[in-house]
Amino acid sequence: HYDFGMRAVNTVIQAAGILKRTQAGMAEDLIMLRAIRDSNMPKFLRDDIVLFRSIISDLFPGVKEPKAEYPDLEAAIQEVSASF
């Protein structure tokens, strides 16, 4: 019931391109892992995340999944929530 057509592939490619430009020192396998993860995880139901992580570990054996960090977003959230 998930869409893994060309639109989804294009989204992963675009995310990888953005990461490659913004994280120039990051290894390509980590760029792809993060692009796949970041563009797909929001679509999944909680039960499917375990399966997805298992598939990722099979595709990228021995590669530690990087922690996603969004300092600009986190700062903006804290700024807005401080006004409440």
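**Stop one: a loop proline**

Start by selecting Pro66, which sits in the loop between helix H3 (46-59) and helix H4 (71-82). Helices here are DSSP runs of H or I with at least four residues, strands are E runs of at least two, and both are numbered from the N terminus. Before you click further: this is a predicted model, where local features need pLDDT of at least 70 and side-chain atom pairs count only at pLDDT 80 or more, while totals for chains, interfaces and linings use all residues. Residues are numbered from 1 along each chain as its sequence is written, and side-chain values use heavy atoms, with hydrogens and water left out.

Now show what surrounds Pro66. Not counting residues up to four places away in sequence, Pro66 touches Leu30, Leu33, Arg34 and Arg37, where contact means heavy atoms within 4.5 Å. Draw a distance to Leu30: the two C-alpha atoms are 7.3 Å apart, although 36 residues separate Pro66 and Leu30 along the chain.

**Stop two: a pair of arginines**

Pick Arg34 next, in helix H2. Is Arg34 buried or exposed? It counts as buried, at 8% relative accessibility; the cut-offs are under 20% relative accessible area for buried, over 50% for exposed and partly exposed in between, with a 1.4 Å probe and protein chains only. Leaving aside neighbours within four places in sequence, Arg34 is in contact with Leu19, Met26, Pro66, Ala68, Glu69 and Tyr70.

Then move to Arg37, also found in helix H2. Arg37 is buried too, with a relative accessible area of 7%. With residues up to four places away set aside, Arg37 touches Pro42, Phe52, Glu65, Pro66, Lys67 and Ala68.

**Stop three: H1 against H2**

Select residues 6-22 (H1) and 28-40 (H2) together. Two packed helices are described by the angle between their axes and the distance between the axes. For H1 and H2, the angle is about 130° and the axes are 8 Å apart; axes are lines fitted to C-alpha atoms, for helices over the stretch in contact, and angles run from 0 to 180 degrees between N-to-C directions. That angle makes H1 oblique to H2, since under 35 degrees counts as roughly parallel, over 145 as roughly antiparallel, 65 to 115 as roughly perpendicular and the rest as oblique.

Between H1 and H2 runs a loop, and Ala24 lies in it. Ala24 counts as exposed, at 68% relative accessibility.

**Stop four: two rings**

How many aromatic pairs does the model have? The count is 1. Show Phe44 and Phe52: their rings form a tilted pair, 4.8 Å centre to centre with 50° between the planes. The rule pairs rings of Phe, Tyr and Trp (its six-membered ring) with centres within 6.5 Å, and planes under 30 degrees apart count as stacked, over 60 as edge-to-face and the rest as tilted. Phe44 and Phe52 are both buried.

**Last stop: Pro71**

Finish on Pro71 in helix H4. Pro71 is exposed, with a relative accessible area of 55%.
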